[in-house]
Amino acid sequence: MRAQMGEPIKAMHYQKVIRVAKRLNLIEPSLRPAEVKIALQEFSRDINPFLNTPNPIIIDKFGRAVGVGKRKASTARAFVVEGTGEVLVNGKPLSEAFGRVHDRESAVWALIATERLDKYNVWVLVEGGGTTGQAEAMTLAVAKALVAHEPALKTILRKAGCITRDPRTVERKKHGHVKARKMPAWVKR
């Protein structure tokens, strides 16, 4: 847009332009006027959905695969290397990082489900959210890195529920409400 107009454009104005273009794109193609077709050609891109594949995780020269996982507000980056089964979370052992047994178990669930707990060393950097969200983000990150080492494990990890990212997040607060769903007490007079 900046190149076409020859002057800077604010992000807010660009968003409005994109919103209008998306709205115009909803018009049935056979009923679309010629002016709208010409205007939409500026925004259209040739994308082949069959070529849209995720980038494979590669193993670097040190033999480690990096997997990234998210859950709620937590993000985890797991570095998986062949080793003796040592697990460190932000530089601390697993028992220090997660107080609850359930969180410890879910953090290494990908390794337990594939019976690879003593075959790989895992070093994880976790940030944001609470302990349960961090543990479940770690599960996804470790699972992705494990698949880079052994692609045959993908079906086992999918059955164990480690590959799919959990999309559930906190619902936003609405205006006129106290929280996302809670409303102020209704008073008749």
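What follows is a working chat about the fold, the aromatic pair, the salt bridges and a surface patch of a predicted model.

Q: How many of the residues count as buried, as a percentage?
A: Of the 189 residues, 27% count as buried. The chain exposes about 13900 Å², and carbon and sulfur atoms supply 56% of that area.

Q: What share of the contacts join residues at least 24 apart?
A: Taking contacts between residues at least 6 apart in sequence, 63% join residues that are at least 24 apart.

Q: Switching to rings, how many aromatic pairs are there?
A: The count comes to 1 aromatic pair. The partners are Phe79 and Trp123, whose ring centres are 5.4 Å apart and whose planes stand at 40°, so the pair is tilted.

Q: Where do Phe79 and Trp123 lie?
A: Phe79 belongs to strand β2 (residues 74-82) and Trp123 to strand β5 (residues 120-127), so the pair ties together parts that are 44 residues apart in sequence.

Q: Is Phe79 buried or exposed? And what about Trp123?
A: Phe79 counts as buried because its relative accessibility is 14%, under the 20% limit for that class. Trp123, with a relative accessible area of 37%, is partly exposed.

Q: Now the charges: how many salt bridges does the structure hold?
A: The structure holds 9 salt bridges. One of them joins the side chains of Arg71 and Asp166, with an N to O distance of 3.4 Å. Arg71 sits in strand β1 (residues 64-71) and Asp166 in the segment after α8 (154-160), so this bridge ties together parts that are 95 residues apart in sequence.

Q: Which residues are linked with Arg71 in a network?
A: Arg71 is linked with Glu136, Asp166 and Arg168 in a network of salt bridges. Arg71 itself is buried, at a relative accessible area of 9%.

Q: Which residue does Asp103 form a salt bridge with, and how far apart are the closest atoms?
A: Asp103 pairs with Arg100, and the closest N and O atoms are 3.7 Å apart. Asp103 is buried, with a relative accessible area of 1%, while Arg100 is partly exposed at 45%.

Q: What about Glu171, which residue is its partner?
A: Glu171 forms a salt bridge with Lys174, where the closest N and O atoms are 2.5 Å apart. Glu171 is partly exposed, with a relative accessible area of 37%, and Lys174 also counts as partly exposed, at 24% relative accessibility.

Q: Last topic, the surface: which residues make the nonpolar patch?
A: Trp109, Ile112 and Leu117 make a nonpolar surface patch of about 230 Å².

Q: Where is Trp109 found, and what is its relative accessible area?
A: Trp109 is found in helix α6, which covers residues 109-113. Its relative accessible area is 33%, so Trp109 is partly exposed, and that value is over the 30% which patch residues need.

Conventions: Residues are numbered from 1 along each chain as its sequence is written. This is a predicted model: local features need pLDDT of at least 70, side-chain atom pairs count only at pLDDT 80 or more; totals for chains, interfaces and linings use all residues. Side-chain values use heavy atoms; hydrogens and water are left out. Patches are made of residues with over 30% relative accessible area and no salt bridge: like charges are joined within 9 Å, nonpolar side chains (Val, Leu, Ile, Met, Phe, Trp, Tyr) within 5 Å. Accessible areas come from the Shrake-Rupley method with a 1.4 Å probe; for residues, only the protein chains shown count as cover. A salt bridge is a side-chain nitrogen of Lys or Arg within 4 Å of a carboxyl oxygen of Asp or Glu. Helices (H or I, at least four residues) and strands (E, at least two) are DSSP runs, numbered from the N terminus. Buried means under 20% relative accessible area, exposed over 50%, partly exposed in between (1.4 Å probe, protein chains only). Contact means heavy atoms within 4.5 Å. Rings of Phe, Tyr and Trp (its six-membered ring) pair if their centres lie within 6.5 Å; planes under 30 degrees apart count as stacked, over 60 as edge-to-face and the rest as tilted.
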